[in-house]
Amino acid sequence: MHKRIIAGILALALACGAPAARAQIVTRPHLDWRTVRTEHFTVHYPVEMEAWTLDLVPRLEAIHAEVAAMVGYAPAARVTIVVEDPSAAANGFAFPFLDEPAIALWPTPADPRSALGSTRDPAEQLAVHEFAHIAHLARPPRNPRQRLFVRLAPVKLGPLAVKAPRWLSEGYATYVEGKLTGSGRPYSVVRAAVLRQWALEGKLPRYEQLSAAQGYYGGSMAYLAGSAFLEWLVQQRGEPSLPNLWRRMSARRDRTFDAAFAGVYGGTPAEMYGRFTVDVTERALQARNALRTAGLAVGDTVQRLNWGTGDPAVSRDGRFMAIVLRGATPAASRVVVWSTADARVDSAAQARADSALLAHDPEDVPDIPGRHPGKRALATLFPVNGRPHDAPRFLPDGSGILLTRNEPLGDGAVRPDLFVWDWRRKTLRRVTRGASLRWPDPAPDGRTAAAVQCTGGICGVVTVDLATGAVRTLVAARPNRVYYRPRWSPDGRGIAVAVQEGRRWAMVMVDAATGAERRIGPDDGASRYDAAFLPGGRALVEVSERGGIANVETLDLATGETRTLTRVTGAAAAPEPQDSGRVFYLALHARGMDLMRIPLAGAAAGPLVALDTTLVPAAPRVAVSEPDTLGRGPLPPSHAYGLGPRRNRLFPTAVVDADGGSAGLVLLNADPVGRLSALLRAAGGDAGMPRGAALNLVYRRWIPSVGLDLFGMRHRPSQLRRSLVSAADSLDADYAGATLFAEQPWGGSALRRRLRGGVSAGALDLRGGGTSARTLAFAEAQGGLTQSRGAQALSLSAAMNGTVGRTGGESWARGLGSVAAGVGLFGLNARGQLTYGRVSGDAPAWERFVAGGARGQLFDEAILSQRIPLPAARFGIVQGREMRMFRVSTDLGLLTPYLAGVGAGGGWWDGWYRVAGAEAAFDTPPLNVLRIPSVRLMAGAGYPLDAPDRHKLRLYATIGYRP
């Protein structure tokens with residue numbers, strides 16, 4: 001679970017104009033939402049997630065009481081919890097606002113190989129972790145200046161939320177989850193394996209890296225190493241030392257985190273962390289010595305790899321392997337097909353190369369002989385539109401590979417669907433749509449597949465017709481029973497699948513016809529998962545956590561006897577038989593997962609090595625008994641969400657462009673899922689700049705959503721300091737009216753579109769021309785297509801606005817369209833856009849195109865589509881019945897250099913007003929959970945290349961909002 005406490009970043013972004021965190025905390029207001037309230041919590045959830053939510057709700061008050069007692073504080077304010085599942089991933093987010101703390105819970109459970117997978121109850125663990133953030137970080141300040149600042153700030157955060165480094169906030173919540181549930185990351189073999197293996201390789205992060213370490217598992221170190229460091233500190237100074245630290249950080253005397261920490265632990269965080277890493281390394285070495293004494297059994301390295309390598313899949317004839325090679329970003333992930341045969345080293349060619357090297361420089365030293373020559377990919381499947389593929393499994397014919405890919409539903413959420421890749425013919429066929437299927441495995445006949453289907457946070461086992469995509473439930477889903485990685489038996493009669501009930505994972509055999517379950521394997525308290533059938537179907541090869549280390553073992557289905565194959569220092573995962581005598585598996589290292597192979601006959605000899613609990617955190621923590629303090633209370637009644645609880649938030653808005661500046665306030669009234677948003681704006685500024693007020697209402701209960709804008713604006717461009725417009729140009733106006741619109745966004749696998757239409761009516765008072773009515777109807781369409789392959793990408797998009805109206809008794813029609821294309825190649829990118837607009841010849845002057853100035857903040861852009869924003873140019877720099885515009889740009893990190901030009905009429909090759917510049921722009925979707933609207937922050941500088949403002953640098957900036 002990779003996240004940060006986004007509220008602090010977002011608050012600083014809004015206060016300072018810096019980019020806000022790009023966390024997609026999506027809620028889907030059109031769903032059927034309901035609400036349930038306990039003494040301290042208000043929980044909002046969609047009906048499709050009711051089973052998961054109502055299983056958790058009776059435990060929330062016990063969680064509140066136990067966390068508050070442990071942390072030493074809990075906020076008096078009611079906590080809002082929003083349950084959503086936008087990404088089909090296990091996650092949660094805490095927003096420790098002092099006035100209204102909020103939590104977002106994503107209910108999809110984690111798998112056993114995740115550090116989150118070792119938990120007695122996924123929902124309970126998630127809620128404990130996130131509420132620990134609230135109780136920890138929402139402690140108010142006792143310093144008078146800080147209290148005053150909190151009262152005045154639009155987003156109210158306490159001193160711990162501001163001062164605590166990420167390792168402290170995430171490490172402490174992880175520490176609490178372990179103490180109160182007796183499970184979770186502190187008790188997982190994953191935390192122990194990572195800390196032990198990283199220590200043995202000298203790769204434990206330095207203190208300054210702890211909150212944001214780079215590399216494989218780097219983002220998780222705040223949780224894993226952070227929680228272990230806090231456990232070590234408690235051993236030094238006792239359990240009360242942590243609440244004492246929180247009190248010092250929020251005290252009347254203002255202290256830095258380092259000063260508050262040193263006053264409790266007698267040294268700075270960096271000093272104490274250095275001592276901690278020495279202890280971890282010493283314990284890791286003791287664990288390695290015990291394993292070496294018994295004899296390590298790792299087999300042979302097939303391929304050294306980086307990052308989180310996917311599970312290997314071997315074709316039925318044993319000749320080919322499909323495997324996911326991942327990288328630091330999703331775009332770096334790809335599925336490759338390799339030959340399973342060992343790569344050959346051309347020793348003669350190597351000898352010739354060494355001889356040539358020494359002939360050129362006799363004192364040079366040749367490389368040592370390569371032990372692991374790189375495999376050559378026979379076929380590669382790159383991400384599609386940035387979405388990588390996962391979980392490949394060969395179909396019986398050896399050419400088809402079944403795999404998954406996350407696909408958008410069209411309402412902001414994504415779900416994994418099944419695809420079949422023919423790696424020889426280079427074709428990809430989609431099997432399901434919106435089915436939310438994970439870990440598929442084809443049946444021996446190749447016509448159906450077994451998979452785990454997770455919807456609403458609960459998971460069941462299903463079968464899928466690979467020809468039609470039809471899904472049939474085999475084992476029904478229910479809360480707190482998680483299934484993982486099904487595998488068909490060779491005879492097609494049974495399916496081996498891992499199941500979690502309580503904190504342990506066990507293997508069960510599911511009857512492929514009836515869905516009846518039968519437990520297989522010993523009941524020795526060890527978790528078992530990652531099973532695969534050995535040839536013949538009489539035994540499984542699987543991963544077992546016996547002794548505190550994940551190792552590969554075999555399980556005889558007739559006798560239930562197990563035999564350990566590997567003895568590793570880190571962790572083993574994903575065993576896959578190559579034939580009747582050898583097994584591939586993945587081995588954990590600090591740079592990623594290596595592909596290994598071990599013979600079935602070469603089992604680890606000797607007794608099982610069980611890591612001593614004195615080696616924690618280089619060994620997993622072992623619970624003597626599961627805590628029973630988080631009991632269940634009564635389940636309160638739920639009710640329809642309606643428009644939800646309403647709350648107001650106040651934000652600043654500002655515009656600076658080549659003409660001057662304006663500023664104002666925005667008052668948002670919103671609910672936590674975004675069902676109805678109301679945005680009241682008021683702005684004023686330099687003479688001639690637009691000023692006025694507007695009320696924007698958007699109701700999103702349906703798709704399409706509907707909205708109403710009420711606005712009143714005064715604009716006197718003739719009064720601008722360096723005006724290009726005179727009063728005689730008839731552009732000075734007062735304009736008031738209303739706009740009613742409907743909008744339907746839609747997103748597919750590659751094609752995206754947005755349809756919008758509406759009507760508007762108002763009164764237009766032109767200077768010297770009297771008041772007249774202005775009515776119009778508009779329609780807008782936007783579409784985009786993106787194709788990507790690895791580091792190469794191509795995007796095409798188009799947008800059109802068509803408007804017909806009547807102003808002061810004169811009818812007119814206006815059209816505006818643009819096309820854009822972008823290319824990306826090996827980290828470099830370029831984008832070009834062409835825009836053309838035309839208004840009918842009988843249109844009054846006010847309806848003609850005018851370029852220059854910033855984008856309007858007080859009205860719907862569609863009703864003034866004749867205004868073409870160019871903030872580095874003065875308003876009115878180009879005017880006419882026709883408008884043409886170009887823009888070419890590239891992205892250099894956060895900065896976007898560009899060249900733009902506008903022209904009116906004439907030929908395409910002359911009459912341009914051009915601007916070269918660079919800007920940084922950041923857009924966030926509405927963060928409904930926090931009642932924060934869509935935010936657009938932009939700042940830049942433009943350098944006009946043509947008269948009348950040639951070579952005069954213009955700065956511009958915007959802080960804008962949309963409901």
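Five cavities of 30 Å³ or more are held within the structure, a cavity being a set of points on a 1 Å grid over the protein atoms alone where a 1.4 Å probe fits but cannot get out. The model is a predicted one, in which local features need pLDDT of at least 70 and side-chain atom pairs count only at pLDDT 80 or more, while totals for chains, interfaces and linings use all residues. Residues are numbered from 1 along each chain as its sequence is written, and side-chain values use heavy atoms, with hydrogens and water left out.

Two or more lining residues come from each of strand 4 (90-95), strand 5 (102-107) and helix 4 (122-137), helices (H or I, at least four residues) and strands (E, at least two) being DSSP runs numbered from the N terminus. Helix 4 gives the largest share, four residues. By class, the lining of the largest cavity has twelve nonpolar residues, six polar and no charged, with Ala, Val, Leu, Ile, Met, Phe, Trp, Tyr, Cys and Pro counted as nonpolar, Asp, Glu, Lys and Arg as charged, and the others, Gly among them, as polar.

The second largest cavity holds about 70 Å³ of space. Of the 13 residues that line the second largest cavity, Trp 52, Pro 122, Gly 457, Asn 480 and Val 482 lie nearest its centre. Helix 4 and strand 17 (458-465) each supply at least two residues of this lining, which divides into eight nonpolar, two polar and three charged residues.

Note on methods
On a 1 Å grid over the protein atoms alone, a cavity is a set of points where a 1.4 Å probe fits but cannot get out, and a pocket is an open set with protein on both sides within 12 Å along at least five of seven lines; lining residues have an atom within 4 Å of a point. Grid points are joined across faces, edges and corners, and a volume is the space filled by probe spheres set on the points.
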